[in-house]
Amino acid sequence: MASKTTRPVLDTRALNRATLARQLLLTRAEMSAQDATQHLLGLQAQNVKPPYFQLHARLAGFGPAELAGLMESRQVVRMVTMRSTIHTHTVHDALTLRPIVQPARDREINYFRKGLVGVDLDRLAERARAFVEAEPRTMAEIREELLKEWPGADPQSLSVAARCRLPLVQVTPRGVWGKSGQVRLTTLRKWVGEEAGGGSLGGADPGIDDVVLRYLGAFGPASVKDMQTWAGLTRLREAFERLRPGLEVFQDENGVELFDLPDGPRPDAEQPAPPRFLPEFDNLLLSHADRSRVIPPELKGSTWSGNQAHCTLLVDGFLAGLWKLGGGTDGGTGGGTGGGTLTVELFSAVSEAGKAEIVAEGEALLAGMGDGAGDGVGDGVGDGMGEGRSGGSVRFGSIRG
């Protein structure tokens with residue numbers, strides 16, 4: 001919505017630098033993986049590896065074992081929250097954010113009502129709850145259990161209803177770096193313990209105003225529509241209006257009203273932004289209605305081939321290319337190879353100095369994210385390709401074919 005009042009204007013570069021600062025992408029933060037996951041309100045986790053790569057791009061000294069340990073100790077969990085997608089959250093945020101997005105999950109069930117004729121959804125939720133709390137179950141097992149009571153229902157609709165009605169988490173070893181396992185589910189309360197999970201999922205006010213402030217702290221300055229896009233919710237303007245007296249208000253170059261925290265970092269638009277390798281589905285690219293603060297308009301849609309999302313490269317703070325690890329899976333962040341080749345496809349020409357910076361950042365990724373690889377970064381760049389002490393190399397080539 002365009003503002004009817006003239007406000008200070010933040011141009012695209014100013015918005016870019018402010019957002020990168022909130023996202024810990026201007027300078028790697030001296031922050032724990034748990035604190036960063038909470039600051040960012042979760043890590044998009046449609047695939048297993050991206051949360052690890054998200055933290056590598058943002059934190060000084062991060063190694064995959066740190067997040068893996070949080071997964072195994074149940075201090076962070078994988079579950080469906082914003083936009084009906086899987087996120088890695090701290091337990092605190094799992095308890096806080098899932099109730100906020102629950103109305104959207106309830107509406108999601110409406111798309112499957114034809115397959116749920118005669119199904120008592122309250123009864124379905126209780127039966128599914130008892131089943132997964134007895135022991136973690138696969139989605140196929142949940143479907144089969146529910147079909148016993150509703151044999152005429154659509155199997156997929158039954159499983160969707162269970163996933164939407166219950167706060168289900170994926171239990172380890174799923175999501176643990178270097179390990180594998182089927183997706184098995186239990187309730188958040190069962191996984192993290194009765195004391196942690198008992199009170200916050202029972203309909204108490206989840207504090208939407210607090211989440212608005214936290215969203216601005218991680219993604220601002222932002223419009224109401226931006227936050228609605230991030231959360232997959234509507235009707236958030238009322239919360240912004242309650243908070244307006246304590247917020248800074250700007251507008252973008254199109255006159256759209258933007259809200260921000262008074263003390264939110266808004267660096268100079270010309271502050272250097274180093275190259276950053278982001279995994280597929282990084283929240284930086286998904287959490288605003290207007291994504292031009294990171295994605296130049298002419299590159300809209302370039303991070304996808306069909307239904308496959310590519311890993312992305314930022315140069316000077318903006319989308320500038322794609323990348324993949326040789327032999328990797330999970331859309332290019334298979335990782336954990338202890339070497340291999342990191343291929344970079346640039347959308348436009350970059351100076352030799354710019355290529356050298358990309359290579360150095362790529363070598364840091366290979367060294368930091370390879371199994372058993374050292375923590376050093378090779379110093380040879382040569383003709384735009386380099387090899388780090390991990391034994392891996394960075395090359396420029398085609399990814400999309």
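Pro221 lies in the loop between H11 and H12, where helices (H or I, at least four residues) and strands (E, at least two) are DSSP runs numbered from the N terminus. The model is predicted, so that local features need pLDDT of at least 70 and side-chain atom pairs count only at pLDDT 80 or more, while totals for chains, interfaces and linings use all residues. Residues are numbered from 1 along each chain as its sequence is written, and side-chain values use heavy atoms, with hydrogens and water left out.

The peptide bond from Gly220 to Pro221 is cis, with omega near -5°. Buried means under 20% relative accessible area, exposed over 50%, and partly exposed in between (1.4 Å probe, protein chains only). The buried residues are Val224, Asp226, Met227, Gln228, Trp230 and Ala231. They pack against H5, helix H11 (208–219), helix H13 (237–243) and strand E7 (257–260), contact being heavy atoms within 4.5 Å. Just after H12, Gly232 adopts a positive phi of about 70°.

Helix H5 (residues 91–110) also lies across E2 and E3, at about 140° to E3. Axes here are lines fitted to C-alpha atoms, for helices over the stretch in contact, and angles run from 0 to 180 degrees between N-to-C directions. Strands E2 (residues 76–80) and E3 (residues 86–90) pair in the antiparallel sense over five bridges; two strands pair if DSSP finds at least two bridges between them. Within this pairing, Val76 has Thr90 of E3 as its bridge partner. In the loop between E2 and E3 lies Arg83, which has a positive phi of about 60° although it is not a glycine.

Both strands belong to an open, antiparallel sheet of five strands in the order E1-E3-E2-E4-E5. Strand E1 (43–44) and strand E5 (185–187) stand at the edges with a single partner strand each, so one side of each is left without a neighbour in the sheet. The loop between strand E4 (168–170) and E5 holds Pro173, and the peptide bond from Thr172 to Pro173 is cis, with omega near 15°.

Asp316 is partly exposed, with a relative accessible area of 33%.
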